[in-house]
Structure formats: C-alpha cells, structure tokens
Amino acid sequence: MTKRKVIITCAVTGAIHTPSMSPHLPITPEEIADAAIGAAEAGAAVVHLHARDPQNGKPDQRPEAFSPFLQVIKQRSGCIVNITTGGAPTMLVAERVRPAQHFKPEVASLNMGSMNFGLYPMLNRFKTFKHDWEEPYLRESDDRIFRNTFRDIEFILKTCAENGTRFEIECYDIGHLYTLAHFAERGLIKPPFFVQSVFGLLGGIGHHPEDVAHMKRTADRLFGDQYRWSVLGAGRSQLPIAAMAVAMGGNVRVGLEDSLWIAPGKLAETNVQQVRAVRQIIEALGLEVATPDDAREILELKG
Ligand code: KMH
Ligand code: ZN
C-alpha cells in the first residue's frame, strides 16, 4: 500500500516576530538562506520566505533584499520557494507584491481577508488559559490591522497572472474560504487551490478541534477535490494543530514565523527543530514526508 505524502512548509522568519523576542530568529540573508536550506534538508518541501533589513531586523519587501538568499537557496537546494505577498501589516499591497512579481516563484502567499492581527496567542509562553482572551489586557503590539481588501487581493492575482505562480492561500477564518470561492468563480484563480488554514491568531479562527473540523468541512463542501489542505497553528498551537490536521488528511506548515517555541517555555533554536518535530508526527502516523518533486506534483506547480 502506498503511503500518503504530507507536504511540510517551513516559514523561516516572517515579519511579525522581532529580534528582541528570540535570539534565534533568522535576520541576515545568510541566516535566512541557512535556515531555509536546513529546513529543506530536514524535510520541508516548501520554504515560505520574507526578507529583513540585516541592520535592525525590520521587514524589507524590496526585491534586492530577497535576491541574496534566493540565489543561495536555488544553488544549494531543490526545495520549492514560496515568496510572501503579505510582507508586513504596515506595508501597502503595491509594495508587498513586488518580490513575487519580480522573481515569479513557483508559489507566493495570498492573504484572503482583512483582519485584526493579534500576536498575543503566539507569545503567551504556553500558559494555559481557558481562552486566549482571558489575559486582562492586550499589548499595543496586538492593535494592528492586516489589510487585504477585495481590491488588494484582485491586484495581487492580476499582477501575478502571467507568471505561472500558484498561491499559498492564507485563510484565517471561514469567511476567507468563501472569498476564495468568489475569486475562483470569477476565474481569477485556478484549482487546485493550496489552502493554508491559519489557526489560533487573535482576530482569526481559534485552535479548538471543532475549529479545525469546521474549516475542513467547509473547504470540502466548497472545493471538493479541487483543493489541497494545509494548516498552521500560531504559537503554542503549532504542533497540536499539525497533529490534528495530519491525522485528518492535511499538510502542515511550521517555522519561526508562526511560533518561536519548540516546547512549553522553550524557544526553538532553529527552524529545523520544528520541521523534525512535525516529521516525527507524520512518520509516527505511518505517513511519508513529501519531497519537493512530490509536492510539485500534488500542488501542480510549474516546476
Ligand atoms: N504570518 C502568517 C500567519 C504572508 O506572509 O503572506 C501568515 C503569512 C502571511 O505567512
Ligand atoms: Zn509569511
């Protein structure tokens, strides 16, 4: 019997966590390249990439900021490169789309709706509250809006339309699946859809098993066999969400963009640790980790 192949994506640095939150966050082009290559060697078929200013760690969406590490990754690994169009919540969409427009990667991210984007659940060091909102106050850093209007989404789709790029379609709530169905109906995005369901961010859907089941049920109903499901759990929900989704037939994303942790109260020192942890879950369930070429076939990428 052939084993199901599970695609691991590793998001190595992101834009939300800051260097002051963890000394292990990749910042320079060398660190980002090493983190991506290490993650790929450990089993990630896809690496999701943001760039940062090496001087201060701030997100940097200029194509020139991406090219040093993209070159190294291309030389040293056959993994699938996925470039963010999310950038950082402070950036406008025209700036955010530039690296994907310029490099025409196999995959780029596409965020399916505007939302309050609270970091708090990612930082709570595994304290167990009954609900994430039981903390008496929200930090100022939680008071941000991630803007992805219908016109922003359309702009990204049209800007990248000729590139053959497929999208990692970031869905932070159930409504985002309906927004995807809307753009699919208008013919602006073609199946198979690579749906990345994001759980456990304050402002989006929670991380309860019922939330995971509802997301999958809704995607199944809207897209049938025309989508490939992946999940990411923010902060402490990273591995529980991964375990649930792998058992339910999904693919997974890990990486320091999504969680700085490897265990309760213990910072991950590398992205590799998180890839290995999720790999263990996949293999313990009798499944196989997809290679980059497996993932190209499953996601129908241009290669
Ligand atoms: N930070 C993640 C929750 C993007 O880069 O487009 C979602 C993300 C957004 O990866
Ligand atoms: Zn990202």
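Reader: Which residue has a polar side-chain atom 2.6 Å from an oxygen atom of ligand 1?

Author: Happy to start there, with the note that this is a predicted model. A residue is counted around the ligand if one of its heavy atoms lies within 4 Å, and the residues around ligand 1 include His-48, Asn-111, Glu-170 and Arg-253. The one with a polar side-chain atom 2.6 Å from a ligand 1 oxygen is Ser-109.

Reader: How much of ligand 1 does the protein bury?

Author: Besides the contact from Ser-109, an N or O atom in the side chain of Thr-84 sits 2.7 Å from an oxygen of ligand 1. Gly-86 uses a backbone N or O atom, 3.2 Å from a ligand 1 oxygen. Taken alone, the ligand exposes 310 Å², and the share buried by the protein is 95%.

Reader: Now to helix α8: how far apart are its end C-alpha atoms?

Author: Let's work it out from the length. Helix α8 covers residues 209–223, which makes 15 residues.

Reader: Where on α8 do the buried residues fall, within an arc of how many degrees?

Author: The buried residues are Val-212, Met-215, Lys-216, Thr-218, Ala-219 and Phe-223. In an α-helix there are 3.6 residues a turn, so residues three or four places apart point the same way. On the other side of α8, Glu-210 and Arg-221 are exposed. Viewed down the helix axis, the buried residues line one face, so their arc is within 165 degrees.

Key: Residues numbered from 1 in each chain as written. Chains lettered and ligands numbered in written order. Predicted model: local features only at pLDDT ≥ 70, side-chain atom pairs only at ≥ 80, totals over all residues. Heavy atoms only, no water. Helix = DSSP H or I, 4+ residues; strand = E, 2+ residues; numbered from the N terminus. Expected span 1.5 Å × (residues − 1). Buried < 20%, exposed > 50% of the residue type's maximum accessible area, 1.4 Å probe, protein only. Arc of directions from axis to C-beta. Polar contact = N/O pair within 3.5 Å; in protein donor to acceptor, adjacent residues only side chain to side chain. Areas by Shrake-Rupley, 256 points an atom, 1.4 Å probe, with all protein chains shown as cover.
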